[in-house]
Amino acid sequence: MTGIMGEYWVSSAAAFWACALALVLFAAVGIWLSIIDIQSHRLPNRIIFPSYPAAAVLLGSAALLSQDWGRVLSMVGGAAVLWLIYFVLRVIYPAGMGFGDVKLAGVLGLYLGFAGWGQVLWGTFAAFLLGGLWGIGLIISGRGTAKSHIPFGPFMIVGAALALTLG
């Protein structure tokens, strides 16, 4: 096994299972939020806010059980940096991004930061690349314009999933 799961499989069974549960939570919440965002262009607080402590406890436990203290710092740093980047984008151009995307960025930052700073960068890049390609596809197909609103949450989630999976 490679990646974060492989490292934890070797170091501690308890750390592995905490990390595995965190990834199951990521998948479940990611799918749930993607469906809601596609249908309503909203990312509900009732799902995002509980995801912060749940992910932090599971990922933090995995790091602490394997005595990998640096992951705790990078996890918190990843959440703060991504939240701040998305917040600045929201302030600069409010019509371009909803505040739900900003709140989701913090949760995804926990996961990406836990995996490493490279994953924070690649997960964010993948989200904007995929969202941009989708927008171009809508324009080329005539189903949208440069001003069309698209739900960005699913692209953020898929981008983070790609960065976590591909490492």
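This is a predicted model: local features need pLDDT of at least 70, side-chain atom pairs count only at pLDDT 80 or more; totals for chains, interfaces and linings use all residues.

A search of the whole structure finds two cavities of 30 Å³ or more, where a cavity is, on a 1 Å grid over the protein atoms alone, a set of points where a 1.4 Å probe fits but cannot get out. Grid points are joined across faces, edges and corners, and a volume is the space filled by probe spheres set on the points. Residues are numbered from 1 along each chain as its sequence is written, and side-chain values use heavy atoms, with hydrogens and water left out.

The largest cavity holds about 90 Å³ of space, and its lining, meaning residues with an atom within 4 Å of a point, includes Leu25, Phe26, Val29, Ser51, Leu104, Tyr111 and Ile157. Helix 2 (13-40), helix 3 (45-65) and helix 5 (99-115) each supply at least two residues of that lining, with helices taken as DSSP runs of H or I, at least four residues long and numbered from the N terminus. Helix 2 gives the most, with five residues. By class, the lining of the largest cavity has ten nonpolar residues, two polar and no charged, where Ala, Val, Leu, Ile, Met, Phe, Trp, Tyr, Cys and Pro count as nonpolar, Asp, Glu, Lys and Arg as charged, and the others, Gly among them, as polar.

The second largest cavity has about 50 Å³ of space, and among the residues lining it are Leu82, Tyr86, Leu112, Thr124 and Met156. Here helix 4 (69-92), helix 5, helix 6 (117-141) and helix 7 (153-166) each supply at least two lining residues, and the lining divides into eight nonpolar, two polar and no charged.

Because 16 of its 17 residues are buried, helix 5 is largely enclosed by the rest of the structure; buried here means under 20% relative accessible area, with a 1.4 Å probe and protein chains only.

Phe114, in helix 5, is buried at a relative accessible area of 1%, and its C-alpha is separated by 8.5 Å from that of Gly60, 54 residues apart along the chain. Ser74 in helix 4 is in contact with Phe114, as well as with Gly113 and Trp117, leaving aside neighbours within four places in sequence, contact being heavy atoms within 4.5 Å. Just after helix 5, Gly116 takes a positive phi of about 140 degrees.

Finally, the largest pocket, a pocket being an open set of points with protein on both sides within 12 Å along at least five of seven lines, has a volume of about 900 Å³. Of the 33 residues that line the largest pocket, the closest to its centre are Ala95, Gly96, Met97, His149 and Ile150. Helix 6 gives the most to this lining, with seven residues, and the lining divides into 16 nonpolar, twelve polar and five charged.

Technical notes
Buried means under 20% relative accessible area, exposed over 50%, partly exposed in between (1.4 Å probe, protein chains only).
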